[in-house]
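Visitor: Could you take me through one part of this model up close? I'd like to see how the packing works around a single residue, and then what lies further out.

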Amino acid sequence: MQVIDVLRDGVIRIARQAAAAILSVYDSEFAVQHKDDRSPLTAADLAAHRCIVAGLAELTPDIPVLSEESSGADIATRRQWTRFWLVDPLDGTREFIKRNGEFTVNIALIEDGVAVFGVIQQPVTGALWHGMPGHGAFRRDRDADVAIHARIPAASPLRIAASRSHRDARTQALLDALPGSEVLGCGSSLKFCRIAEGGMDLYPRFGPTSEWDTAAGQAILEAAGGAVLDPRGRPFRYNQRDTLLNGDFIALGDVAVRARLPA
């Protein structure tokens with residue numbers, strides 16, 4: 001347990017340092033570039049990336065790091081790794097650009113394809129969530145941990161998280177099939193955190209995300225009693241395919257809710 005505590009607190013320290021680097025850009029006039037896939041990129045993404053990669057290299061020099069801003073060489077060799085850090089230095093760059101505060105730092109540890117530990121830091125509020133399946137999930141404000149649990153059974157009516165920046169026709173069709181549900185807008189990986197702490201019940205996502213978008217949230221949600229499932233009901237796994245893009249998924253606090261969803 002002592003090793004777990006040291007690892008957890010070290011990663012939390014790194015996530016907070018990355019949050020500080022992000023806020024130093026957030027409070028300034030910053031430029032927005034676009035990557036080849038047209039996703040936005042700012043100096044905050046790069047500053048957080050450098051902070052996290054350096055911090056993890058010092059904390060766990062034997063564990064490689066794969067970040068959204070990693071080089072092509074790292075991405076090409078990642079299939080050889082059985083254990084690695086999977087990082088989104090700034091999840092929700094669009095929310096960052098809108099200055100609505102709904103962006104996060106995501107750090108997850110992957111072992112044999114499974115997200116075994118996750119940390120999510122919200123820079124603007126300072127709130128931080130961490131979890132390790134089998135060891136519980138927690139919200140940390142300042143230095144105090146409070147255990148969190150998914151709401152089981154789910155609320156009635158369901159409280160459904162929906163992305164502010166991504167709402168496609170299939171998502172809307174699912175919402176229409178659950179009349180009376182309360183739909184709550186929420187950005188970035190905060191949706192996983194809200195479900196893990198019992199504030200929401202369901203997050204459907206149809207359309208592309210990347211593995212670094214979901215890994216930390218999945219670890220925290222599973223540690224809180226929930227799940228992230230593919231359309232066949234299987235838990236999400238990582239670093240198993242040539243692509244880093246995820247397929248469709250449903251994040252649930254109460255797994256029994258899946259039986260109520262349209263096929």
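This is a predicted model: local features need pLDDT of at least 70, side-chain atom pairs count only at pLDDT 80 or more; totals for chains, interfaces and linings use all residues.

Guide: Let's start at leucine 261, which touches Leu178, Leu202 and Ile250, leaving aside residues up to four places away in sequence. You'll find leucine 261 in the segment after β14. Is leucine 261 buried or exposed? Its relative accessibility is 15%, and since the cut-off for buried is under 20%, leucine 261 counts as buried.

Now for the rings. Tyrosine 203 and phenylalanine 249 make an edge-to-face aromatic pair, 5.5 Å centre to centre with 85° between the planes. Tyrosine 203 belongs to strand β12 (residues 202–205) and phenylalanine 249 to strand β14, so this pair ties together parts that are 46 residues apart in sequence. Both tyrosine 203 and phenylalanine 249 are buried. They also belong to a cluster in which ring pairs link Phe192, Tyr203, Phe236, Tyr238 and Phe249. Searching the whole structure turns up ten aromatic pairs.

Tyr238 from that cluster leads on to isoleucine 110, which touches Tyr238 along with Thr82, Arg83, Phe84, Leu86, Ala115 and Ala215, again not counting residues up to four places away in sequence. In the largest nonpolar core, which has 36 residues, Leu86, Ile110 and Trp129 touch the most other members. The elements giving two or more residues to this core are β4 (83–91), β5 (104–111), β6 (114–121), β11 (182–186), α6 (190–196), α7 (211–223) and β14 (249–252). The largest share, seven residues, comes from α7. Apart from this core lies another, of 29 residues, including Leu7, Ala18, Leu90 and Phe96.

Helix α5 (residues 169–176) is worth a look too. Its buried residues are Thr171, Leu174 and Leu175. Looking down the axis of α5, you see them fall within an arc of 100°, so they line one face of the helix. Ala169 and Asp176 are exposed on the other side of α5.

One last stop, this time with a charge: the charged end of arginine 99 sits over the ring of tyrosine 26, 5.8 Å from the ring's centre.

Terms used
Residues are numbered from 1 along each chain as its sequence is written. Side-chain values use heavy atoms; hydrogens and water are left out. A nonpolar core is a set of buried Ala, Val, Leu, Ile, Met, Phe, Trp, Tyr and Cys residues joined through side-chain atoms within 4.5 Å. Buried means under 20% relative accessible area, exposed over 50%, partly exposed in between (1.4 Å probe, protein chains only). Helices (H or I, at least four residues) and strands (E, at least two) are DSSP runs, numbered from the N terminus. Contact means heavy atoms within 4.5 Å. The arc is that of the directions from the helix axis to the C-beta atoms. Rings of Phe, Tyr and Trp (its six-membered ring) pair if their centres lie within 6.5 Å; planes under 30 degrees apart count as stacked, over 60 as edge-to-face and the rest as tilted. A charge sits over a ring if NZ of Lys or CZ of Arg is within 6 Å of the ring centre and within 35 degrees of the ring normal.
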